[in-house]
Amino acid sequence: MPREGLFLRNVALKSLRDQRRALVGFSIGIVIYVGFLAAFFPTVRDQAAKFDQILDAYPPALKTAFGIDSLTTGAGYLHAELFSAMLPILFLVYAIGRGSDLIAGEEERGQLELVLATPLTRRAAALQKALALGAGLLVLGLVLFATLLVADLAVGLDLSLVRLAAEVASLVLLAAACGALALAAGALRGRRGLAIAVATAVAAGAYVLDLVSKLVEGARPLRWASLFSYYDGSPAILHGPDWAGLAVLAGVAVALVGVAVAAFDRRDLGRA
Amino acid sequence: MEPAILTRGLTKRYGKARGIESVDLEVRRGEVFGLLGPNGAGKTTTIRILLDMLRPSAGEASVLGLDPRRDGPSLRARVGYLPGEPGLAERMGVGDQLRYFANLRGGVEWARVEALAQRLDLDLAREVRALSRGNKQKVGLVQAFMHEPDLLVLDEPTSGLDPLIQQRFNALVRETAKRGATVFLSSHVLPEVEALCDRVGIIREGRLVAVETMEGLKARALRRVDARFATPPDLALLRDVPGVLEARVEGNHLRCAVRGETGALVKALARGDLVDLRVRDPTLEDVFLGFYGEEEPHAA
């Protein structure tokens, strides 16, 4: 058997194998960025009085908008510095990049033709692609979770395991929903660029809508329409698991995978 | 037994672009059938419908008695397919790539993969991205043949192969036909088809315009003749020679085209002071002209 035989067994494992470089790169990025920010936490905590003064001077709207609750607790610090912007960006870039590539990208490169010439059905191929995307995101989520646990031990973030796990889970599910959107857009049209554009536009739109609805009273009724609000509406790391939010994100991801599977089964396969 | 491939009124339209129009094709079991036509004529479209990569706009196709759409998996298990552009995962060893395709087919006998690779002179240890166009084509060929399919569908199989490997490929196709499998291949080069096929379908602008045995095709194809004489020849030499087209005298040369066999023409030319004779193999265009070319009135 050649080495890596396991990852040649089916489309899901092969697609996970194809993500290995991206997974290693993003994992290193997560470890460095999270480690770097965690290292600063003791300084912030020890200067708590000063930071609270500075924060008091911030306009409340700004604090709401950027998820600044309290910088002097571990959870508040992580939420403001990591979970409200940087980590979602990182995870979404990964999810949309992979999601758009798994079907549309490979199709554009002509790589699906030989895969689909085997007895595999289109539906099975699309579903296995979706599983590979989910598995990749799960790996990143576990890397993040482990990094935060180590950071907690090192600098004393005083985190609740349940809340942390729920926060990471909702981040992974947010990314899964956006990645599934890119996968579905790619499965519908077979164009990677289009899939990236659609998923990025929806994700950015959701972020802005969530922000606006926090700041502008009149926009609040529209908040439900933002995917981002189910992630950051009630941050798990601050308030405990938001089961409804998790369910919505998971539901959207599953529904979009269903769209991807059905769409891919119906259309002509494009050429390289 | 039902034919290996049967299409009725098979049509594919892509918006305004041409696809294929009402193609009726029958490929018998055990034969080597060539689909001959220029690039863009509809060869790849026809092939990709048989593999369920494309869905026809109208008409129907049956492959090994099965429906490409409805019976996809069980049908594709029995078909080996070489696409026009075999897209391979670049960051992968050739062996791993083939192992992956074998696994997607539920496993194949690895010794067979090795034998095919050796035969086509393909190194399984190399990285796909380091391969030349011809070597990538070999990977495509190995995966098409590795599970001993009942039907091989090969889109321009010899493009990129050097002449030696092309001969080995030809031998492989003949062996495959001998064990009872059917081979359906496309080409835009006549000699390639000539060397392999029992019958040929000619496709042009999306329409299947003729299906002929190789002999029938040769009997109609135009051959270009260039005869050099010691002195300027007289076109009257060609009087009474059937099937002569485009005859003209240029200096000591008499150039013309002849439909089918050249015997009568050669005899007529030999009546003059003939010095040298060259007959060029018909090109694809000459095959078409053989079917459509207006016969000029006899020179004289």
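Modeller: Gladly, and let us begin with the core. The largest nonpolar core has 165 residues, and Ala175(A), Ala177(A), Cys178(A), Ala180(A), Leu183(A) and Ala260(A) touch the most other members. Helix H9 (residues 161-189) of chain A gives the most to this core, with 19 residues. One caution on the source: this is a predicted model, in which local features need pLDDT of at least 70 and side-chain atom pairs count only at pLDDT 80 or more, while totals for chains, interfaces and linings use all residues. Residues are numbered from 1 along each chain as its sequence is written, with chains lettered from A and ligands numbered from 1 in the order in which they are written.

Biologist: What makes a set of residues a nonpolar core?

Modeller: Its members are buried Ala, Val, Leu, Ile, Met, Phe, Trp, Tyr and Cys residues joined through C-beta atoms within 7 Å. Buried means that 20 or more other C-beta atoms lie within 10 Å of the residue's own; 12 or fewer make it exposed, anything in between partly exposed, and C-beta atoms are placed from the backbone.

Biologist: Which residues is Ala180(A) in contact with, leaving aside its neighbours within four places in sequence?

Modeller: They are Gly99(A), Ala130(A), Ala253(A), Leu256(A), Val257(A) and Ala260(A). Contact here means C-beta atoms, placed from the backbone, within 7 Å.

Biologist: How many residues of each chain are in contact between chain A and chain B?

Modeller: 23 residues of chain A are in contact with 25 residues of chain B. H7(A) gives the largest share of the chain A side, four residues. That side divides into 10 nonpolar, six polar and seven charged residues. Here Ala, Val, Leu, Ile, Met, Phe, Trp, Tyr, Cys and Pro count as nonpolar, Asp, Glu, Lys and Arg as charged, and the others, Gly among them, as polar.

Biologist: Why is the span of helix H6 (residues 163-178) of chain B called close to the expected one?

Modeller: H6(B) has 16 residues and reaches 23 Å from its first C-alpha to its last, against the 22 Å expected. The expected span is 1.5 Å times one less than the number of residues. Helices themselves are DSSP runs (H or I, at least four residues), as are strands (E, at least two), numbered from the N terminus.

Biologist: What puts the buried residues of H6(B) on the same side?

Modeller: Ile165(B), Phe169(B), Val173(B) and Thr176(B) are buried in H6(B). They cover an arc of only 85° around the axis, so they sit on the same side of H6(B); the arc is that of the directions from the helix axis to the C-beta atoms. On the other side, Pro163(B), Leu164(B), Ala171(B), Glu175(B) and Lys178(B) are exposed.

Biologist: Why does Glu205(B) count as partly exposed?

Modeller: Glu205(B) has 13 C-beta neighbours inside 10 Å, and therefore counts as partly exposed. This residue is found in the loop between E8 and E9 of chain B. Its phi is positive, about 50°, although Glu205(B) is not a glycine. Most residues other than glycine have a negative phi.

Biologist: And what makes Asp240(B) exposed?

Modeller: Asp240(B) counts as exposed because its C-beta neighbours inside 10 Å number 11. Asp240(B) lies in the loop between strand E10 (222-229) and strand E11 (244-250) of chain B, and its phi is also positive, near 75°.

Definitions and conventions. Two residues are in contact if their C-beta atoms, placed from the backbone, lie within 7 Å.
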